[in-house]
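Student: I would like to go through the aromatic rings in this structure. Can we take them step by step?

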Amino acid sequence: MKGLMIKDLMCLRKQMILFAYTVAGVLVLSVMFVLSARFGNIADANQTMMTENNLSDIDIKNLSTLSLILFMLLPIAMVSDVTAIFRMDGKAGFGAVSSTLPLSANKRVMARYLTVFIMFGIGVGVDIVISFVLSRLTNIISFADFFGIIISAASLMCIYGALVIVFCFLFGYGKEDYAIVVSWAVILITAMLANIKKVKLIFASVKAGDSDSLDFFSEFINFIKYKYFVLFFISIIVMTASYFVSVKIAEKKRSVV
């Protein structure tokens, strides 16, 4: 298993280099953002929006929080392209070789899962360090709220990663793009069906031009900040189910991993 994990990490070496540059960029830009939001041009723009658009202080904080969320997602997003491993394995024909190794299908699949989610863990760890630094520089958002957002984002990306692995195993080499599209489609459709009433209300309020859409936006921000444990437990369930399904696929299609 150790050898397979090292091989998978080598497949991700370009992403790891980009990840290092992204972390440095996110740290610099996010620090500049929070300082400007507190003392500079962004702070002036926020005051203008509050005066001209009748936005409350909470609305401004939520918009600033969303901006920071986009920054914080970048390190995790950089390690989320798990298809690189499948593409390189398929190109090299490694599946046919690995199936002859004295390792059971569940161990070969486990090596792939450990590699992918260790990378996610590194992304989360880096985000937590950056969020701690930012929380010392701004009153827009506390470290506890930062932590909730990071766990929510990481949980979502883990769900995505788990689905991509299953569909890559299922579809086979050359169908990695389909695995990405189907994975996001499953996530979006499931989320919409689980909140169908709220989705209808959002569309109705946007169509009517009501300001209620801002209330839904605030609810979303509050959900990812304070109810991150919901997404976390869902991600655990999805990852566990994904692993067992992947093992079944690997046992039937011996050349997939």
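Student: Which residues form one aromatic cluster?

Tutor: Keep in mind that this is a predicted model. A search of the whole structure turns up aromatic pairs, 11 in total. One cluster is made up of Tyr113, Phe117, Phe120, Tyr243 and Phe244.

Student: How are the rings of phenylalanine 132 and phenylalanine 143 arranged: stacked, tilted or edge-to-face?

Tutor: Their centres lie 5.8 Å apart, and their planes meet at 85 degrees. Planes over 60 degrees apart count as edge-to-face. So this pair is edge-to-face.

Student: Which helices does that pair link?

Tutor: The two residues are 11 apart and belong to distant parts of the chain. Phenylalanine 132 is in residues 105-137, and phenylalanine 143 is in residues 143-171. The helices are H7 and H8.

Student: Is phenylalanine 167 buried or exposed?

Tutor: The cut-off for buried is under 20% relative accessible area. Phenylalanine 167 has 15%.

Student: Which ring does the charged end of arginine 112 sit over?

Tutor: The charged end is 4.7 Å from the centre of that ring. The ring belongs to phenylalanine 86.

How values were computed:
Residues are numbered from 1 along each chain as its sequence is written. This is a predicted model: local features need pLDDT of at least 70, side-chain atom pairs count only at pLDDT 80 or more; totals for chains, interfaces and linings use all residues. Side-chain values use heavy atoms; hydrogens and water are left out. Rings of Phe, Tyr and Trp (its six-membered ring) pair if their centres lie within 6.5 Å; planes under 30 degrees apart count as stacked, over 60 as edge-to-face and the rest as tilted. Helices (H or I, at least four residues) and strands (E, at least two) are DSSP runs, numbered from the N terminus. Buried means under 20% relative accessible area, exposed over 50%, partly exposed in between (1.4 Å probe, protein chains only). A charge sits over a ring if NZ of Lys or CZ of Arg is within 6 Å of the ring centre and within 35 degrees of the ring normal.
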